[in-house]
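This report concerns the packing of helices in a protein chain. The sequence and the structure are shown first, and the description follows.

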Amino acid sequence: MKTVSATMSKYVAVLALGWCSIATVQAQTPPPPGSRIAWLSPERIYNESKLAKLAGEKLAEQFKGREKAMQEMAGRLKEASEKLDKDLPALSESERARRQHEYLELDKEFQRRQREFHEDLNQATNEERAAISDKATKVIKQLAAVEGFDIVLQDAVWASPRIDITDKVLAALDKDK
């Protein structure tokens, strides 16, 4: 009985080794001849394209008023802090508590508005990037079809300049704009 179990274990081990060696050979098999790979830098698309520059200008214009209001509020907060620090030794206990409370309320309001400003700006930036990404994806698909790429990658630790199509995508995006 023990011999059959030992023989069976050896048989299973040999089968497992065989499967592992087949999987290793398959994993090392190069892509078929003629396969073409391309790579692009999405950050360059988001930063260098005319679409990205126009989006940046649009966002700057859209948030200009709120940014100015935030700067003014930061100035008022700084003035209030300096005035409170200067006047603190001469204030009565009740006046000191009232002024400190006013300052803390102004600071809370500033923090809230600043947080909302950054959230809104991030959301608008993400929406603009999504629009750029949609247009870039269309251009990339067209370029891949025309040039016969089997795959286009955008995340890589390193890519050869030989397969970098970022400049071609930028040129096509800028031509459309």
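## How the angle is defined

Axes are lines fitted to C-alpha atoms, for helices over the stretch in contact, and angles run from 0 to 180 degrees between N-to-C directions. The model described here is predicted.

## Overall arrangement

The protein chain contains 5 helices and 2 strands, and from the N terminus its elements follow the order α-β-α-α-α-β-α. Of the 177 residues in the protein chain, 21% are buried. Where contacts in the protein chain join residues at least 6 apart in sequence, 82% of them link residues at least 24 apart.

## Helix α4

Helix α4 has 55 residues and spans 78 Å from its first C-alpha to its last, which is close to the 81 Å expected at 1.5 Å a residue. Its buried residues include R99, F110, F117, A124, E128 and I132, and the buried residues of α4 pack against α2 (42-48), α3 (50-87), β2 (151-153) and α5. Just after α4, G148 adopts a positive phi of about 75 degrees.

## Packing of α4 and α5

Helix α4 (residues 93-147) packs with helix α5 (residues 166-176) at an angle of about 120 degrees, and their axes lie 10 Å apart. The two helices are therefore oblique to each other, and the crossing of α4 and α5 is right-handed.

On the α4 side, the contact is made by K135, A136, V139, I140, L143 and E147, while α5 contributes K168, V169, A172, L173 and D176. The residues of this contact divide into 7 nonpolar and 4 charged, with no polar ones. Among the α4 residues that are buried are A136, V139, I140 and L143.

How values were computed
Residues numbered from 1 in each chain as written. Predicted model: local features only at pLDDT ≥ 70, side-chain atom pairs only at ≥ 80, totals over all residues. Heavy atoms only, no water. Helix = DSSP H or I, 4+ residues; strand = E, 2+ residues; numbered from the N terminus. Parallel < 35°, antiparallel > 145°, perpendicular 65-115°, else oblique. Left-handed = near helix turned anticlockwise from the far one by under 90°. Contact = heavy atoms within 4.5 Å. Nonpolar A, V, L, I, M, F, W, Y, C, P; charged D, E, K, R; others polar. Expected span 1.5 Å × (residues − 1). Buried < 20%, exposed > 50% of the residue type's maximum accessible area, 1.4 Å probe, protein only.
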